[in-house]
Amino acid sequence: MKIAMIGSGYVGLVSGVCLADFGHRVVCVDKDASKIEALRAGRMPIYEPGLDTLVATNVAAGRLSFTTDINDAVAGADAVFIAVGTPSRRGGGHADLSYVFAAAEEIGQAVTKPVVVVTKSTVPVGTGDRVETILREACPDHEIAVVSNPEFLREGAAIEDFKQPDRIVVGTDDPRAQAVMTEVYRPLFVNQSPILFTGRRTAELIKYGANAFLATKITFINELADLAESVGADVTQVARGIGLDDRIGPRFLNAGPGYGGSCFPKDTLALLQTAEESDVSLRIVAATVEANDLRKRAMADKIADALGGDLAGKRVGLLGLTFKPGTDDMRDAPSLAIVPALLERGASVQAFDPEGMEQARAMLPGISMCDTAADAARDADVLVLLTEWDLFRALDLHALARTMARPILVDLRNVYDPSIVARAGMTYHGVGRGDLS
Ligand code: NAD
Ligand code: UGA
């Protein structure tokens, strides 16, 4: 099949290269010329494990190419995917659909034969209808089916998630489009990944339902962590005890500093807007959004408490800035809420992140960036583990403690066994581990 991928960001690039790896001929398009130039030169515009090798293999095999010219990519394509951004609009949290609609307009003008246009971007219910109208007006001469095919990959595990998905959701009632989508994803059926055909609006809602549910699951365990701290229980064991129930499941029950990233925050807000427009109250999702916002800011208090309450003049060593490990993505990272709160209260911050420093530099002015974890710990009054990069899982705590002004570890991801930290001569503060006090 010939596939055009419009938008070569996290989702477009990963989806494009994986579809090429399945044997399809894929052209990835982006309007950002510097991104395309980098990709053509073999440089990845994002950090995602395994991506560079997979891109190189598929480019060399002649199955994958990059262009800024949408006409070239769309002409003759069997399926055209839209994978452009849908960020929050300023004020309110509506999804900004301008990139999606612009892409639809451009696709409509470039189409040369009947085609299936697939929305992979996360878009509010009803967007497929509007995309269809735009395409019909721009291209009255060819039959165009519009499909919703939301993406469920996680950054940092994106290739694995794309190639071994829990499910593929395809929203269309059009049999021709169903047949094309079956061909696109046929290689996945070997792994027995289920494909779920639904109506278009249903597919759009499945995506928001999944993200809102996961955000709520995390927020639920975060609130239990607060309770565990005050009643003398260990939330890591509570999570295990709850998660072993098949009906609940063990994943996404790691208490932490609050969820971040390019999707949970914006998608929960957009879902609330959709509900409001339909006069429906999603009280649980609203509570999740509020609790998560408060939580991120409360992490500065937690760090202050570890230092006896006062942050003025204190030096905070920070390990990890990105919203999760395995990515350089800083969008809505908890660090963006926590660091300003620390600075406001008079602390200085020295930080290290294995991949996020370049993006973080512009977003977090006023902090010093270190070259290593050891540099971030040196002379610090407290060391805060904010993102659970593998590199931070086996730190030489003895050595770090000796260089710190005060050997205190605030482990916001519960990575460390408190007894090991104590043996290294450090005071330990985790999340929801109230059994220690
Ligand atoms: P991104 O910002 O990384 O990439 C979007 C790309 O689209 C940019 O490179 C931009 O230049 C390009 N673009 C915009 N308009 C264009 C046009 N008209 N023609 C060509 N290129 C154009 O975004 P992302 O993180 O990949 O997210 C894309 C969509 O996928 C969003 O709706 C997001 O919610 C959804 N999603 C993201 C993830 C994730 O992990 N990042 C996972 C699942 C779903
Ligand atoms: C999330 C979803 O997991 C994907 O299925 C979805 O496709 C994607 O959003 C999207 O729509 O963009 P992602 O944001 O890449 O993926 O990362 P997650 O692993 O879900 O983590 C999101 C946030 O939740 C991170 O800040 C992470 O630290 C936090 N988290 C996650 C926890 O605090 N505890 C957990 O147990 C799990």
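Student: Which residues touch the most other members of the largest nonpolar core?
Tutor: Ala4, Ile6, Val80, Ile107, Val117 and Val384, in a core of 130 residues. A nonpolar core is a set of buried Ala, Val, Leu, Ile, Met, Phe, Trp, Tyr and Cys residues joined through C-beta atoms within 7 Å. Buried means 20 or more other C-beta atoms within 10 Å of the residue's own, with C-beta atoms placed from the backbone. The model is predicted: local features need pLDDT of at least 70, side-chain atom pairs pLDDT 80 or more, while totals for chains, interfaces and linings use all residues. Residues count from 1 along each chain as its sequence is written, and chains are lettered from A and ligands numbered from 1 in written order.

Student: Which helix gives the most to this core?
Tutor: H9, with nine residues. Helices are DSSP runs of H or I, at least four residues, numbered from the N terminus.

Student: Where does the core lie?
Tutor: Between domain 1 (2-198) and domain 2 (212-436), because both give residues to it. Those bounds come from an automatic or database domain assignment.

Student: What is Val384 in contact with, beyond four places in sequence?
Tutor: Ile303, Val316, Gly317, Leu318, Leu319, Val410 and Leu412. Contact means C-beta atoms within 7 Å, placed from the backbone.

Student: Switching to ligand 2. How many residues surround it?
Tutor: 21, the closest being Glu155, Asn254, Tyr259, Gly261 and Cys263. The cut-off is a backbone-placed C-beta atom within 6 Å of the molecule.

Student: Which helix gives the most to that shell?
Tutor: Helix H9 (residues 200-231), with three residues. Domain 1 and domain 2 each supply at least three.

Conventions: Helices (H or I, at least four residues) and strands (E, at least two) are DSSP runs, numbered from the N terminus. A residue is buried if 20 or more other C-beta atoms lie within 10 Å of its own, exposed if 12 or fewer, and partly exposed in between; C-beta atoms are placed from the backbone. Two residues are in contact if their C-beta atoms, placed from the backbone, lie within 7 Å.
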